[in-house]
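Here are my notes on the model, as numbered points.

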Amino acid sequence: MSALRGSLTFARFYVTGDIPDDIPGTTLKRIRANAFQPLSPEDDKSEGFGWANMEDPVDTDLDHEKVFYNEYVCLALRLDRWAIPGPLLKAHLRDAEQALLEKRGLEKLGRQAKADLKTMVVRKLRKQLVPSLKSYDMVWNLNGNVVHFFSQAEKITSLFDDLFKKTFKLDLVPESPGTAAERVGLDARQAAAFAGLEPTTLARLEEG
Amino acid sequence: MELLDLVEGRRFMGREFVVWLWFESEMQETNLRPTGVDPCSLWLEAQITLVLEKEESRLKGAIPASSPEAKEALRQGKLPREAKMRLVRGDREFVWTLKADTLGLSGLKLPTQLKKDDEKHEVFYERMMLLEDLDATLSALYADFVQLRLSDAWDDEVEPLMKSWAHGEKPDADAYLATKNAVLAVKRGKRKR
């Protein structure tokens with residue numbers, strides 16, 4: 001999901017913690033250390049994620065000019081995934097099983113042998129495929145320390161939260177009705193009212 | 001309050017915020033004056049989803065919030081989980097769907113002037129300027145809602161007026177605005193000090 005074109009769908013976060021004054025000067029090395037690393041067919045994992053250039057997620061060689069736009073930190077969370085179509089995997093697995101049974105003169109394979117065979121078939125197929133690539137932009141305004149992350153999917157925002165914390169050593173508080181209310185700046189009386197707040201209903205009691 | 005309680009335990013405030021915006025828009029004939037930012041016109045349009053536990057009413061149309069079904073859903077105790085909105089300020093128009101439980105926006109259309117072939121940084125800065133302009137307005141509206149919601153006036157005056165509005169009676173708009181302005185005047189006074 002892009003910040004640069006089309007309509008926007010996003011979640012907001014507040015950055016908290018000991019925020020350095022010079023984010024560009026102190027974080028580029030860590031951003032580069034957490035840049036996306038290409039998946040290998042030999043990997044056990046089926047997906048990988050890391051930072052990429054917001055303007056071109058294929059570009060993971062990040063430098064100052066690609067990341068810092070005046071008061072903004074701009075990055076894309078790139079998420080690659082090996083996606084082998086189910087019927088393709090099934091067909092190749094069936095052929096491989098048949099070949100192994102004939103080779104060994106067996107009628108049936110054990111559980112471990114099946115698992116090993118699946119790993120081998122998956123790796124072989126991965127070499128013939130390209131992982132799917134998705135990217136989700138992030139824009140952090142250093143003036144207000146508010147982050148716009150251009151996805152609302154729970155799994156993706158969770159990956160983003162982990163990567164952001166790992167990279168910047170700072171916390172992210174998700175915007176929600178409760179966290180936004182607290183940021184309004186409540187006095188003692190309002191804070192007490194907020195703590196004991198009960199939901200409003202517009203139904204009248206007699207109507208149940 | 002722990003973060004988890006703050007997030008999960010106060011999600012209902014998002015639904016109340018959307019219904020308050022709806023009420024506020026109708027009481028002020030869409031002309032809103034959020035504290036600290038420029039006035040704007042705002043109304044609900046095209047679609048709204050109201051829920052109570054697992055019961056859901058999904059309404060579509062030009063202005064579904066004006067339909068009898070929408071008010072009926074409120075009378076049943078349902079509140080908006082998401083609503084499509086339009087905000088107009090000068091010659092700028094923003095359209096989006098507000099997700100009440102998270103305050104997240106989806107499908108936001110910005111009134112950009114630059115085209116994608118223009119200088120890439122300029123395109124980015126224009127989009128962020130517009131996005132942050134809308135953010136500031138929504139934050140100001142939410143702050144006004146929170147001030148009102150946490151005041152004694154909510155239970156004593158605002159909620160009864162909103163109930164009356166939901167039940168098809170004609171609430172006293174002047175009384176509502178007087179109450180709201182009195183609550184927000186205290187807030188503005190505090191801000192000045």
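1. Helices (H or I, at least four residues) and strands (E, at least two) are DSSP runs, numbered from the N terminus. This is a predicted model, in which local features need pLDDT of at least 70 and side-chain atom pairs count only at pLDDT 80 or more, while totals for chains, interfaces and linings use all residues. Residues are numbered from 1 along each chain as its sequence is written, and chains are lettered from A and ligands numbered from 1 in the order in which they are written.

2. Which residues of α5(A) are buried? They are Thr157(A), Phe160(A), Phe164(A) and Phe168(A). Seen down the axis of α5(A), these fall within an arc of 55°, so they line one face of the helix; the arc is that of the directions from the helix axis to the C-beta atoms. An α-helix has 3.6 residues a turn, so residues three or four places apart point the same way.

3. The cover over the buried residues of α5(A) includes β1 (8–16), α1 (23–33), β4 (72–81), β5 (132–141), β6 (146–149) and β7 (171–174) of chain A. Contact here means that the C-beta atoms of two residues, placed from the backbone, lie within 7 Å.

4. The length of α5 (residues 154–168) of chain A agrees with expectation: its 15 residues should span 21 Å at 1.5 Å a residue, and its end C-alpha atoms are 21 Å apart. The expected span is 1.5 Å times one less than the number of residues. After α5(A) comes Lys169(A), with a positive phi near 55°.

5. Chain A is assigned domain 1 (11–82 + 131–195) and domain 2 (86–128). The C-alpha centres of domain 1 and domain 2 of chain A are 40 Å apart. The bounds come from an automatic or database domain assignment.

6. Chain B has six helices and six strands, in the order α-α-β-β-β-α-β-β-β-α-α-α from the N terminus. In chain B, 38% of the 193 residues are buried. Of the contacts in chain B with a separation of 6 or more, 50% join residues 24 or more positions apart.

7. The contact between the chains takes 41 residues from chain B and 36 residues from chain A. On the chain B side, α4(B) gives the largest share, ten residues. That side divides into 21 nonpolar, ten polar and ten charged residues, where Ala, Val, Leu, Ile, Met, Phe, Trp, Tyr, Cys and Pro count as nonpolar, Asp, Glu, Lys and Arg as charged, and the others, Gly among them, as polar.

8. Two residues of chain B deserve a look for their phi. Thr30(B), not a glycine, has a positive phi near 75° and sits in the loop between α2 and β1 (31–32) of chain B. Thr30(B) is partly exposed, with 16 other C-beta atoms within 10 Å. Leu103(B), also not a glycine, has a positive phi of about 65°; its place is the loop between β5 (92–99) and β6 of chain B. Leu103(B) is buried, with 24 other C-beta atoms within 10 Å.

Note on methods: Buried ≥ 20, exposed ≤ 12 C-beta atoms within 10 Å, placed from the backbone.
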